[in-house]
Each structure stands twice: as structure tokens, then as C-alpha cells.
Amino acid sequence: MAEEVIVRFNGVSFEYGANTKILDEVNFSIRKNSKITFMGQNGAGKSTIFQLIAGTLQAESGRISIADNITIAIAKQVIEYDYMDLTIREFFQKSFKEKVYDIDPKIDTVLDAVNLKADHDKIIKSFSGGQQARLLLASALIQDSDLLLLDEPTNNLDKEGIKHLTKFLIDFKKTVVVISHDADFLNAFTEGVLYLDSYTKKVQWYQGDYYDVLEQVATQLEKDASKNARLSKAIIDKKEKANYFANKGGRLRLLAKRMREAAEDMEENKAESRKDDKTIRQFIIPVQEDVGGEIINITSLSIMKKHKPTNVKVNVSLYKNKHVLISGPNGIGKSTLLESLVHKTAKGATIGSSVVVGYYKQDFSTLNFNETVYQMMNKVAGGIDEQTLRSTAAGFLITADLLKTKIKNLSEGQKGLASLMKLVLLKPGLLILDEPTNHINFRHLPVIAQALDEYKGAMILVSHVPEFVSQIRIDEEIDLTKFL
């Protein structure tokens, strides 16, 4: 017996402003106790659908029906900036509309569920990106809701974190809907995929896991292409005959008119080819030309050992075309280390005075969120000509409309692409990348990996995605785990 429907979208449309349509008469339903994946291109509007389900946004038209007495919790992609100075206790209290007394035992239970141990008086901003990802999940779990909405929950998680989350979702007894670009993670628990097409603005339902979806989409594309080819041939034939009969005059003109109408009907019956799922163009990150010799020298690093900063000795010397991977578990201090290198506050590291440093930060705070994408590009590139600017942006799927958009209004995935584009324009001598796969559509990852593999400058990379790292030339690995 099929479970009851707890969420139903019936002809739902939504747009941001007057010209940015996100959903166009969307129809889909979610059944009780199902485990569903939401997929689609970066910026398509998946997070918007979550907000519509939760009621923080309202549809322009159509109806969203939520079953009676259903409670909903969302684990967002990132912790809000205003929450960064809260303690853990204050952060979890924000998950409830009313004050919860004796909240500490509840916090301990959900922290244990996400495999994180922490003092309840610890400040949120003191946690690593991976630890913050666990806190986001825990903040949704503490509400004990009927429907759990997880927005990119694997971002910043290390291998153990993803393994723990996967097991939790497999064992989870209630309804869960997950937005993710991590196919292997999704395939461990997904029963079906809701796919938001960024071209048609509609949602399609697919049975099975993501690889099943790929097969179904490929089959449908083949059928659509075959159908369109047949129709195109018939349309040309009808038009040629219509022109022939029209020139004959008399009653044959009426026949010509009917043939033209038939050709128009055939045009309307052509299948709409999927135009989303675009992949960014192949690109290179140009290296700074006037840099030579030793680019960075590192003799010691600061890591977190038993919750305390500890200096450890290393011997790292980077010249052009040398790539280093820094690995280690969440919370060991990788992001803090990269930040200190960029700002030249790391006591055991020296960067050449003339070296241009390109920094990809996992929270995208190297971008000015109040600038438009166009303003950012102009500032970094220093008067780039209009044609080159627009061509570069198009390669990263930044359309003319998005060029005018403030960076704070981009999706997280689009901010990631904008950050990569900034590196291309900057032409750095030293590239420092902190989790460059976060929020990025998996279709783009091989292109990004190739660009990093071919980068001719010095590079320091942090990434928890082995498949991504395996595609990049790594000359040396610094595994911080050995210092614990």
C-alpha cells in the first residue's frame, strides 16, 4: 500500500523580480517516509523549492499542499553570517520558535548523531567548515520533524563524515529530501529523483538512483532526437509542397494553406530538447609571468591537536609548476592554515613579496557580495574589453542577466563558478584552494580538475573528494593526520 502524499505542488510558479522565472507551473508530490533526491543545474532553483515547502517563500501562482500536522526542518547549505558569534547552545535554540528549557541533553543527542563532540559554550565561528556542516545537520535533527530537507549536506565533510551521514540517512525512518551533486552519496539511499530543468522551469520525476536517471534521460534524448528528425523531414516536405501548390493558384492555394498549417502543427509537436545540464567550458588559469625562483617556503604548520593549536615541523618549498595536497580530518585546522598563508600571518611560512596569490575560499568571502559579477570582473581584470569579459563569463555559465546580479544573490554553486572565474582573471603565481568542489555541479568537476592539473604555477590544495583529487597532478602530499 502506497504511503500518503505529504507535499504536493500543483501548477506552482515562482519568479524573483519581474524577469527571473524559477518555476513554471510545476507539479510533483512527495510521499511519507520516502527518500528523495532533488537535482538540477547550479542556480536552477532547488533551494528555492525547499523554501517554498518550508513556507519561507510564497508561490506566485498554483497551490502547495502540506499534509496536516506535518513538521518540517531544513539544514541549509551554510550557517548564516549573523549566527557565527553564537555559542552552540544559542545556535540550537534558534532552531525553535519558543525557548526550550533544558536543551543541553537534546544537543548532546544530535551532536552524537552527527559524530561531533563539542562544548555547548563554544562559538560557532571557531569550528571548521566540516564541523559547521555537521552542526547544520544537527540543527535540523534537533527539531525531530516529519520531513527533513537537506541542502548540500556533504559540503566540507571528510570521508568519515560522509560515511556517518550516509548510514544515518539509510537508517532514518521519516521522510527526507536531499539536494546534492554527489552521485555516489545519493545512490546509497535514494529511491527516486526529482529533477528541476533550468530550461523548462519544470520538475520531472525519475524512479531509481542517479545512474538510473542518467540512463532514462539518455534514452529519452535519443527518442526525442529521432522524433524531431522525422518531424523536421516531414516539415520540409510539407513546406516545399505548399510553396509548389501556392504558385499554381486557384483551389490549390487552399491546399497550400492547409499544408503550411500542418507544418506549423508539426513544429509545435517537436520534443523540447533538454538544454540544462550544461557544462562549463574548458579553461586555463594563466600563471603570473614575472615570478620566478622559490614562491613559498614552509618550515612549520599550526594544527589542532587535542583541541589545542600545536606547531609541527615540515619542509615544503614550492616553485612554479609544483602542486601540493594538504589532507587531514575535519577540525585539524586546514582552512585556518590556508587563511594564515594567504594573509602571511603563518609564522613558519614565507611567500615571495611579488607573488600574486589566488585564493579560493570555501565560504566565498574573497568575493565582495555587494558587487555585481560585472563589477568584480572589471576590478580584477583591470579594464578587460567587453567582448572578452562576456565570453569569459559565458564559459562559466554566467549569462548577461547574471553579470548584472549582485554576488550575494547568486546561488552557492554560481558563487563557486564566479570564484573560479576570478582566479582566471587574476593570473596568480600561487594558487591556494580550499574545497573547490563544494556546491559545484558534478558535471563541472572534471573541467575544473583539468584546469588545476594543467596549472603552471605553485598550488596548495585542500579537498575531501578523492575522485576529484585523483584527476589532478599532485607532486607532494602533507597528511596532517600523522602529526596527531
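**Reading a helix face**

A: The cover over the buried residues of H3 includes helix H2 (88-93) and helix H4 (129-141). This is a predicted model: local features need pLDDT of at least 70 and side-chain atom pairs pLDDT 80 or more, while totals for chains, interfaces and linings use all residues. Residues are numbered from 1 along each chain as its sequence is written, and side-chain values use heavy atoms, with hydrogens and water left out. Helices (H or I, at least four residues) and strands (E, at least two) are DSSP runs, numbered from the N terminus.

Q: Which residues of helix H3 are buried, and how are they arranged?

A: An α-helix has 3.6 residues a turn, so residues three or four places apart point the same way. In H3 (residues 104-113), Ile-107, Val-110 and Leu-111 are buried (under 20% relative accessible area, exposed being over 50%, with a 1.4 Å probe and protein chains only). Seen down the axis of H3, these buried residues fall within an arc of 105°, so they line one face of the helix; the arc is that of the directions from the helix axis to the C-beta atoms. Thr-109 and Asp-112, on the other side of H3, are exposed.

Q: Is Ser-180 buried or exposed, and which residues does Ser-180 touch?

A: Ser-180 counts as buried because its relative accessibility is 1%. Its place is in the loop between strand E7 (175-179) and helix H6 (183-187). Leaving aside residues up to four places away in sequence, Ser-180 touches Phe-38, Met-39, Glu-152, Thr-154, Phe-185 and Leu-186, contact meaning heavy atoms within 4.5 Å.
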